[in-house]
Amino acid sequence: DAKTTQPTSMDCAEGRAANLPCNHSTISGNEYVYWYRQIHSQGPQYIIHGLKNNETNEMASLIITEDRKSSTLILPHATLRDTAVYYCIVRGSGNTGKLIFGQGTTLQVKP
Amino acid sequence: EPEVTQTPSHQVTQMGQEVILRCVPISNHLYFYWYRQILGQKVEFLVSFYNNEISEKSEIFDDQFSVERPDGSNFTLKIRSTKLEDSAMYFCASIRDRDTGELFFGEGSRLTVL
């Protein structure tokens, strides 16, 4: 599975959009981009995933560049409860389905 | 919404004791996983399980660890003789479609080895 690079930490003002970048320049054609978050020491929580098209759900939007080498997770109106570690993970098909977590981005939403 | 449930939420044990952590994955899921997270560190993959056998394991998952699906619902992680460094949060996860689906995680079991 391709490696990802994320900033270590970011701040965002409450009510504003949080844009979390991720680089995955070695991604291959059948690999999906997944985003998870972990609030304090709770279990990782699925947010969204995509292959090549932009995706949106009730939690967030995922923007994947045309060359698929990077992506951005957008939380449209961040709240204090969105303070968490956000993980960008690339996973291909044909493996055991496991996810490999990096260090992620610690997002601090401030009032 | 269906969820992965784990018990116990917290277990304290003495070094050298055996520990069993239990998980009930989502009912129609086919692939099961254990992860651990030592305090302040990243979430680490331990093992994946499918069709009643281990499909992949990490270097962490040595002979001290074993997994089992004793019945149609439970998925267990056993640590045979606990060490201080086994103190961590242990997360169970499950997925229906390993290629495109999302992994659902439980809330974790905190293991403290004294």
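Visitor: Is Ile100(A) buried, partly exposed or exposed?
Guide: The model is predicted: local features need pLDDT of at least 70, side-chain atom pairs count only at pLDDT 80 or more, and totals for chains, interfaces and linings use all residues. Residues are numbered from 1 along each chain as its sequence is written, chains are lettered from A in the order in which they are written, and side-chain values use heavy atoms, without hydrogens and water. Buried means under 20% relative accessible area, exposed over 50%, and partly exposed in between (1.4 Å probe, protein chains only). Because its relative accessibility is 46%, Ile100(A) counts as partly exposed.

Visitor: Which residues does Ile100(A) contact, leaving aside neighbours within four places in sequence?
Guide: Contact means heavy atoms within 4.5 Å. With those neighbours left aside, the residues that Ile100(A) contacts are Ile89(A) and Phe45(B).

Visitor: What is the N to O distance in the salt bridge of Lys98(A) and Glu56(B)?
Guide: A salt bridge is a side-chain nitrogen of Lys or Arg within 4 Å of a carboxyl oxygen of Asp or Glu. Lys98(A) counts as buried because its relative accessibility is 12%, whereas Glu56(B), at 25%, is partly exposed. Their side chains meet with an N to O distance of 2.8 Å.

Visitor: How many salt bridges does a search of the whole structure find?
Guide: Side chains of opposite charge can pair when their charged atoms come close. One of the pairs is Asp11(A) with Lys110(A), and another is Arg36(B) with Glu44(B). Over all chains, the number of salt bridges found is four.
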